[in-house]
Amino acid sequence: MKKRGIILISVAFVCLAVMLAGCVSEGSSKTTGNTATPARSADVVHLAGGDYGYPQPFTIYPRGPGSSKVTMIFDSLLERDEKGLIPWLAESWTVSPDGKEYTFKLRKNVRWQDGSPFTAKDVKFTVEYEKGHVPISGGIEDGIIDRVEVIDDNTVKFVLVRPISTFLYKLASFKIIPQHIYSSVYDPTTFLDSAAVIGTGPYTLAEYNKEHGSYRFVAYDGFWGPKPAIKTVEFIPVSDALIAFEQGEIDFTSITPDVLDRFKNNPAIRLVEQPAFWGYEFYFNMKKCPELGDRNVRQAFAYAIDRNELVEKIQRGAGKPGNMGILPDDHIWYNSDQPQYKFDVVQARALLDRAGWKDNDGDGIREKDGKKLSYTLSLGSEEVRIGELIKERLKDAGIDIQVKALESKSRDANLKKGDFELLIAGFGGWGQDADYLRTRYSDTASGSASGVAPLAAVFGYHNDNLNALAAKELVELDDAKRKQIVFDMQRILSEDVPTIPLFYTTSIDAWPISTYDEWMNMYDHHARTQSKLSYLVREGLAAKR
Amino acid sequence: MSEKNREVILSRFVITLLVILALNFFLPRMMPGDPFSTISSDVQGEDVIIMTEEQREYYSHYYGLDLPLHEQFVVYLSNLVHGDLGKSIQYKMPVTDVILLHLPWTILIVLCATVISTIAGVLLGTISARNRRKGSDRLMMTGLIAFAEIPSFLLGLILLLIFCVFFRIFPLAGAVTPFAHYDSILDQARDIAYHAFLPIITLALAQLTGVYLLTRNTLITVSTKDYIRTARAKGLGEHIVWTRHALRNALLPVVTRTGFMIGMLIGGAVLVESVFRYPGIGSTLRTAVVGRDYPLIQGILLVVAVSILLCNLVVDRVYQKLDPRVDE
């Protein structure tokens, strides 16, 4: 009797919750207004906040969009628009024939937000200061810059240790800090003063509250560049971004396909798909399981895993299936001429047969020399469903998988140590400079680049041809030639299948047209609210391309 | 209490504290991973800055994590003696400051919730016990037990949907209006109360059933005792019998429970805090664990442990006041 009462009441509560959820969607469709005129500028724009650290290069948090907040205040020598790199604090530059000397002409009449003039000395200072004090993001690794010479107030020369093709790309996220402030700062990681956030950029930090996770950026009148299009940008804490967006608390959000219908017929809301620059990678540990070093076996995995099914079932369509050439379709240097590995279990079986893996004892799992094709697949607790779908597909090909869910840091630790058989990890940055093909898959890659974990040596992938191309790519300064090398690298990788990119995600960005309609993507990143030019009037050097 | 007894209690306290310190220090460090070797994101679309080997070395050294473990422990203890809890790796500020920023919010909602749930629970429990086996008792019993089955975060979500989304009378998130500047302290207090209301109610509702059941059951047990019969035989009014004689004796376990609950809730408020994006210590602890921010984990756990110990001490004292028979 008592038990039934409990069940009844629980059911009643669930019904209530469902009813309320229904009310939410009803309410939203009512807000549909007239077709609004697109706003090119705005007084205030609200965005979803959260605490990502004090917005200077040394105090932001490594997780989340902290560095884009630094970008609001600080400038780099180059900036990124929708097509590529554009001049920013540097007006122009020349490169010596040997590729080791870059001479930059700096923009004149640029002032720090406290009124002091910006000069070449600040650039030199930043490089030298960050050798002793490593910033969280945007630093340039050791062993690249030999020295920096100040030619005059507006000319600065970088002398490199060796030519490096990605140098300009690195400079685009290298924020220049003021010498007159930071030179006396012994420990920038504890520098939480208001002077710490004085840059040359378009916005000043008017308010930051760590505890509540709110930021207010105000357009800086004396900004040297294109006018800020938004006067005040406020990041406020939200419990649920979608609800906050529907209630008009925030003016931008990213949605998933299951709520798309709520906005689809609303002419006041603009809906645009993000480029697919965030993805899941499936790793083979060839060191621990030498049989995975056989490329036929890895190719069989690629045929047997239905990547389209993952996009449909996991992402409900909001994604693009992975390319074995690694770079996503939306990457500026994506090579479409590569083996496609359509889902084909017959092909997978044939490849495994050819490699000598046969199911002799009839248990559905293939074996060879007494070893069974049976593996543990480690993944994060968020990725269990991906693992289960993959397990089903691989079973059809005669490969046995046990899914092992780990907390994300444990999974990362295992990945770094090589303590896994198969593993799935998800991360961003797939739109970045294609040099990551070198740092990720060449086991002889020198040094490590920020943004990529150099793992090829960990999981045991080795290909001499790829290593040779990678070495060439690193020093090739001619973009057209380098692009050709990157195309060749994708071809090799797609034949070798060192890892399987499962899919790249594409959320849909939504914003009210009448509040602010000028959101844009940088060519290498998926988040529109993280590009500087989204907040600036698109004219002059920031003109649309 | 004799001198000897006091010493025993004190030494027990110190030993407990030392064990806690050691556990706090070593357990977080035994978790896989470290603060600087993140490779993947937790949620889709999230950016994570993957540190280069140089960055990792630089920061390991900066936070003293490159020292052998036992040396780190010695450093930790000696800093602790000087009242220094270390520096948070994630927040780049002293752990003490981080705790001071976030703990008051949790204390605010936990204390208010405990007061509300205790008063309401005792009241309902008394009513229920007095009407034992009647309809109102049955109804309350079933209703509240069913209620207790709802996890606190779900309860929070339901309240959020009803009051913030449907009726729009309470704010969706946070502890204060962002960027608010107040004319007076009263204004500020009003804003804080406005934001704290739903988290407090959620927590209070989540605890209510426990207090209610405890009060009801102890009262029922007590009401069969001889001294209650004596009181009734003396001709005392029913109301006085219940409040002065029965309730007073039934309160002992309730007080104990409340004391324990305060300590537990500081960590247990995390679910409610995350539903309402409330900047309490629970969600800070969660972030610290996810980010392997060892100094911060240690600091928060230490504060929680010490507050539980203190709550126990206080409970002992109150117990003695309520029941003079309890001496030691």
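Me: In this predicted model, how many residues of domain 1 of chain A are in contact with domain 2 of chain A, and how should I read such a contact?

Reply: A contact here is a matter of distance, since two residues count when their C-beta atoms, placed from the backbone, lie within 7 Å. By that criterion, 17 residues of domain 1 of chain A are in contact with 18 residues of domain 2 of chain A. On the domain 1 side that touches domain 2, the residues divide into six nonpolar, eight polar and three charged.

Me: Which strands stand at the edges of the open six-stranded sheet in chain A?

Reply: One begins with the strand order, which is S14-S20-S13-S19-S17-S18 with mixed pairing. Strand S14 (319-321) and strand S18 (400-406) each have a single partner strand, so one side of each is left without a neighbour in the sheet. From one strand to the next, the twist averages 25 degrees.

Me: In which sense do S13 and S20 of chain A pair?

Reply: Strand S13 (residues 278-284) and strand S20 (residues 499-505) pair in the antiparallel sense over six bridges, and Gly279(A) has Tyr504(A) in S20(A) as its bridge partner.

Me: Which helix lies across S13, S17, S18, S19 and S20 of chain A?

Reply: Helix H11 (residues 384-396) of chain A lies across these strands, running at about 175 degrees to S18(A). Such an angle is taken between N-to-C directions.

Terms used: Residues are numbered from 1 along each chain as its sequence is written. Chains are lettered from A and ligands numbered from 1 in the order in which they are written. This is a predicted model: local features need pLDDT of at least 70, side-chain atom pairs count only at pLDDT 80 or more; totals for chains, interfaces and linings use all residues. Ala, Val, Leu, Ile, Met, Phe, Trp, Tyr, Cys and Pro count as nonpolar, Asp, Glu, Lys and Arg as charged, and the others, Gly among them, as polar. Two strands pair if DSSP finds at least two bridges between them. Helices (H or I, at least four residues) and strands (E, at least two) are DSSP runs, numbered from the N terminus. Axes are lines fitted to C-alpha atoms, for helices over the stretch in contact, and angles run from 0 to 180 degrees between N-to-C directions.
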